Amino acid sequence: KKQITAKIEKKKLRIEKKKRVLRDYETQIERLEREKEEIKKLETLIRNLKIFEKALIATQSQMRKELVETINHTMNEIWPHLYPYGDYVEIALHAEEDDYVLKLKDRTGRWLNVDGIASGGERSIACLALRIAFARVLAPHLRILILDEPTANLDSTAISILATTLRERTQELIDQCILITHQPELEEAARGCAYRI
């Protein structure tokens with residue numbers, strides 16, 4: 001009878017041990033099921049984020065395209081006011097290989113890079129048109145233009161053309177131009193006050 005009782009006790013201990021193992025397995029299974037659900041949620045989130053990323057990229061591309069179109073339209077509205085000659089009939093910002101290039105269209109219809117083709121005065125007028133267009137598009141009610149050292153790499157003729165353009169051709173485009181320069185020749189660009197510091 002003692003042997004049978006001992007065997008029964010041994011069996012009970014084994015059963016308890018097996019029950020603990022079973023509970024551990026059941027706990028692990030529950031944890032794995034929760035993790036599986038979490039993985040499904042994360043996969044759904046990742047899919048949604050990828051869709052959102054594509055939408056953002058498409059929106060950014062469309063907004064960039066519309067911004068460039070608006071800037072080009074604005075530049076061409078102001079170009080005749082700034083550019084006194086007939087050599088170049090249009091101006092545009094072109095997107096090329098992850099960069100933007102400012103171009104001028106000649107009377108034959110060819111688009112030419114401002115940098116390298118245009119004279120110093122024409123380059124400064126083209127850059128001024130770009131700056132004014134950006135200002136008018138991004139802050140349409142502000143109508144103030146601030147130019148800090150705009151004559152870098154310009155010769156005296158180009159500086160004179162820029163001064164004349166700022167003084168005589170920008171009244172309809174901007175209300176106030178603040179010009180910061182070390183070039184005494186640009187004093188003649190002032191329509192109002194000139195301060196020497």
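I take contact to mean heavy atoms within 4.5 Å. The model I examined is predicted.

**Entry 1: helix α3**

I looked up what the buried residues of α3 pack against, and I found α1, β1, β2, α2 (114–117), β4 (144–148) and α4. The buried residues of α3 are G120, G121, E122, S124, I125, A126, L128, A129, L130, I132 and A133. I then checked the length of the helix: its 19 residues should span 27 Å at 1.5 Å a residue, and because the end C-alpha atoms are 27 Å apart, the two values agree.

**Entry 2: α3 against α4**

How do the axes of α3 and α4 cross, and how close do they come? I found that the axes of α3 (residues 120–138) and α4 (residues 156–168) come within 7 Å, with a crossing angle of roughly 35°. The crossing of α3 past α4 is right-handed. On the α3 side, I recorded G120, G121, S124, I125 and L128 as the residues that make the contact. On the α4 side, the contact is made by A158, I161, L162, T165 and L166. Sorted by class, this contact has six nonpolar residues, four polar residues and no charged ones.

**Entry 3: S124**

I followed S124, a residue of helix α3, as one of the contributors to the contact with α4. Is S124 buried or exposed? Its relative accessibility is 7%, and since the cut-off for buried is under 20%, S124 counts as buried. Apart from neighbours within four places in sequence, S124 is in contact with L154, A158 and L162.

**Entry 4: helix α1**

Where does α1 kink? I located a kink of about 30° at N76, shortly before the proline P80.

The buried residues of α1 are V68, I71, N72, T74, M75, I78, W79 and L82. They pack against β1 (88–96), β2 (99–106), α3 and α4. An α-helix has 3.6 residues a turn, so residues three or four places apart point the same way.

**Entry 5: E149**

My last entry concerns backbone geometry. Most residues other than glycine have a negative phi. What is the phi of E149? I found a value near 50°, which is positive in a residue other than glycine. E149 lies in the loop between β4 and α4. With 29% relative accessibility, E149 counts as partly exposed.

Notes
Residues are numbered from 1 along each chain as its sequence is written. This is a predicted model: local features need pLDDT of at least 70, side-chain atom pairs count only at pLDDT 80 or more; totals for chains, interfaces and linings use all residues. Side-chain values use heavy atoms; hydrogens and water are left out. Axes are lines fitted to C-alpha atoms, for helices over the stretch in contact, and angles run from 0 to 180 degrees between N-to-C directions. Helices (H or I, at least four residues) and strands (E, at least two) are DSSP runs, numbered from the N terminus. A crossing is left-handed if the near helix is turned anticlockwise from the far one by less than a right angle, and right-handed if clockwise. Ala, Val, Leu, Ile, Met, Phe, Trp, Tyr, Cys and Pro count as nonpolar, Asp, Glu, Lys and Arg as charged, and the others, Gly among them, as polar. The bend at a residue is the angle between axes fitted to the seven residues ending there and the seven starting there. Buried means under 20% relative accessible area, exposed over 50%, partly exposed in between (1.4 Å probe, protein chains only). The expected span of a helix is 1.5 Å times one less than its number of residues.
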